[in-house]
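Reader: Hey, can you walk me through this one? I'd like to start with what the words mean.
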Amino acid sequence: MTTHQCKDYQELSQVAAEWLIQRIRKNPLSKIGVATGNSPLEMYRNIAKTRNLNTKSLSLFQLDEWVGLSEYQHSCMSYIEKEVRIPWGISPERAYYFSPGSTLPVNKIQAEEAANFMEKKLDKKGPLDILILGMGKNGHLGFIEPNENWPSDECYVSELASSTQNHNMISSENTPPEFGVTLGIKSILEAKEILFIVTGTEKKGIYSEWLKKVVTPKLPASILWKHPRVSQITDL
């Protein structure tokens, strides 16, 4: 694992963008797993502003999605469309979401179908060349939440922790989602390379725990210590 220490979020976003741009130039056909949230947001925007960068041939794979949202604009799909696919000029058929079209899973049954759908797509088109990840306040990766045991290796439906239900992406939802659908451990560990972005002062405590290198399901992001090619960029 390599670590890039940055002085603030602005520098972090620029360093992360430069890291990703270098790899896109090397392989314009890269299959990229896309995280959402604040951590990678400015990186995505920096890349959209980069001249003479061919992003049109990239393929995007969704990391996770909320289940049972009342508003599409709160979804991870909406975020990826707005901040990545459209600004980067990628055609809709090169973006792979848990649910085809713009239909979001509204219950656990549909979410399980969505997980199976994505797993089949990854089995056919994977592994990912690049997987972009952040770490939640409780140490989660995607919607792989802290638990006593590791979850299924494959894409699955996760019961969301209370801290995840308080995420600002869904702050205006009347009822916070109980479940999320997420890539599993297998897809994470099979990715050829991982960009791990850790930012936000509220994560300092869990980041200190992560730095102890103890691999445990109680801190899902710790699984990254088992991956041979992780580039971590942080301002903590």
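Author: Buried means under 20% relative accessible area, exposed means over 50%, and partly exposed is in between, using a 1.4 Å probe and protein chains only. This is a predicted model, where local features need pLDDT of at least 70, side-chain atom pairs count only at pLDDT 80 or more, and totals for chains, interfaces and linings use all residues. Residues are numbered from 1 along each chain as its sequence is written, and side-chain values use heavy atoms, with hydrogens and water left out.

Reader: Okay, so is Cys-155 buried or exposed?
Author: Cys-155 is buried, because its relative accessible area is 8%. Cys-6 counts as buried too, at 5%.

Reader: And how many disulfides does a search of the whole structure find?
Author: It finds 0 disulfides, a disulfide being a pair of cysteine sulfur atoms within 2.5 Å. For Cys-155, the nearest cysteine sulfur belongs to Cys-76 and is 14 Å away.

Reader: Switching topic: what's the strand order in the open sheet of 3 strands?
Author: The order is S4-S8-S7, with antiparallel pairing. Strands (E, at least two residues) and helices (H or I, at least four) are DSSP runs numbered from the N terminus, and two strands pair if DSSP finds at least two bridges between them.

Reader: Which strands stand at the edges?
Author: S4 (64–67) and S7 (156–159); each has a single partner strand, so one side of each has no neighbour in the sheet. The twist averages 30 degrees from one strand to the next.

Reader: How many bridges join S7 to S8?
Author: 4 bridges join S7 to S8 (residues 179–182). Val-157 stands opposite Val-181 in S8.

Reader: And which helix lies across S4, S7 and S8?
Author: That's H4 (residues 108–125), running at about 135 degrees to S7. Axes are lines fitted to C-alpha atoms, for helices over the stretch in contact (heavy atoms within 4.5 Å), and angles run from 0 to 180 degrees between N-to-C directions.

Reader: Now the inside. Which residues have the most contacts in the largest nonpolar core?
Author: Leu-20, Met-43 and Phe-196, in a core of 71 residues. A nonpolar core is a set of buried Ala, Val, Leu, Ile, Met, Phe, Trp, Tyr and Cys residues joined through side-chain atoms within 4.5 Å. The largest share of this core, 7 residues, comes from helix H1 (residues 9–26).

Reader: What does Met-43 touch?
Author: Leaving out residues up to four places away in sequence, its contacts include Ser-13, Leu-20 and Ile-132.

Reader: Last one: where does Ser-222 lie?
Author: In the loop between helix H7 (204–210) and strand S10 (230–234). Ser-222 is buried, with a relative accessible area of 0%.
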